[in-house]
Amino acid sequence: MTTYLTDSEGKFIPATQRPDGTWRKARRVRNGYVPQEEVPLYESKGKQFAQRKPTLPPGMCPLAAEQARKEREKQEKLKAKKEAAAAITNKQRQQQQQIPGVLKLPANIDTSATIAAPPTANKPSTNIGPKAKTQNSTSNSNHRIINELSKNFETNLNVADDGQDLQKKLKKLRKKLREIEQIEEKIKNGTLKKPEKDQLEKIKRKKQIQKELKQLEEEQQQQQSTDNEMPSST
């Protein structure tokens, strides 16, 4: 904001010093002059009316409005805290879920006894009490359950991989067979009068593709029947 001084002749802007050390001359200001940067911005009547309009509903106490605003802010803070806690819980739950390719042991297996128990098959033992017998039986049952789980896990992985490869091959052969049938239909309709060399080669391979497709479908049926007969792991 511009600084004005007044003397006997009227208003004036005093002399000021520039950064290089030189001085600006004092300037007279006529009465009623307002600099451009000090001119107030234009406001429409609608904006002025909106500024004068009360923010509270008619008849509402300002103290009650302030209390309601504080209560609303408090509820919003509590809601934000609950959402943050729920997000952390969900993240931890997702991290605890089983990772593909990792063997998950049942909850009733004592992993500490399984890992820490040394092999005692080839060592002579004397004075084996009931507690030691119980620990040995627990350790043996845990080993047996782990071995069964690992075998079932490997079998399931191999079956899943074979099933995926089989599905891909079937999809590819069916696609080729559809393309050959489309080419034959176009030749019969007359829309394709001069088929290309690769199209003719595809038509020649139709019987071979049908044979491969039939073999794969039979393998798929056998695999599905084997999966249905396979006992579920406990």
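**Before selecting anything**

The model is predicted: local features need pLDDT of at least 70, side-chain atom pairs count only at pLDDT 80 or more, and totals for chains, interfaces and linings use all residues. Residues are numbered from 1 along each chain as its sequence is written, and side-chain values use heavy atoms, with hydrogens and water left out.

Colour the protein by pLDDT, the predictor's confidence in each residue, from 0 to 100. The average is 77, and 74% of the residues score at least 70. Next, select residues 113–126, where the pLDDT is below 50. Beyond near neighbours in sequence, this stretch has eight contacts in the model (contact means heavy atoms within 4.5 Å).

Select strands S1 (5–7), S2 (10–13) and S3 (27–28). Helices (H or I, at least four residues) and strands (E, at least two) are DSSP runs, numbered from the N terminus. The three strands form an open sheet in the order S1-S2-S3, with antiparallel pairing; strands pair if DSSP finds at least two bridges between them. S1 and S3 are the edge strands, each pairing on one side only.

S1 and S2 form a hairpin with two residues between them, and three bridges join these strands. Display Leu 5, which stands opposite Phe 12 in S2, and then Thr 6, which stands opposite Lys 11 in S2. On the S3 side, two bridges join S2 to S3; here Ile 13 has Arg 27 as its bridge partner.

Now select residues 9–35, which an unreviewed UniProt entry annotates as "domain: WIBG Mago-binding". UniProt positions are given in the numbering used here, feature names are shortened, and annotations may be inferred rather than shown by experiment. The end C-alpha atoms of this span lie 20 Å apart, and the span is 0% helix and 22% strand.

**The nonpolar core**

Select Leu 166, Leu 170, Leu 173, Leu 177, Ile 180, Ile 209, Leu 213 and Leu 216, the eight residues of the largest nonpolar core. Such a core is a set of buried Ala, Val, Leu, Ile, Met, Phe, Trp, Tyr and Cys residues joined through side-chain atoms within 4.5 Å. Helix H4 (130–189) and helix H6 (206–229) each supply at least two residues of this core; the largest share, five residues, comes from H4.

Finally, select Gln 220 in helix H6. Gln 220 counts as buried because its relative accessibility is 16% (buried means under 20% relative accessible area, exposed over 50%, partly exposed in between, with a 1.4 Å probe and protein chains only). Leaving aside neighbours within four places in sequence, Gln 220 is in contact with Leu 166, Gln 167 and Leu 170.
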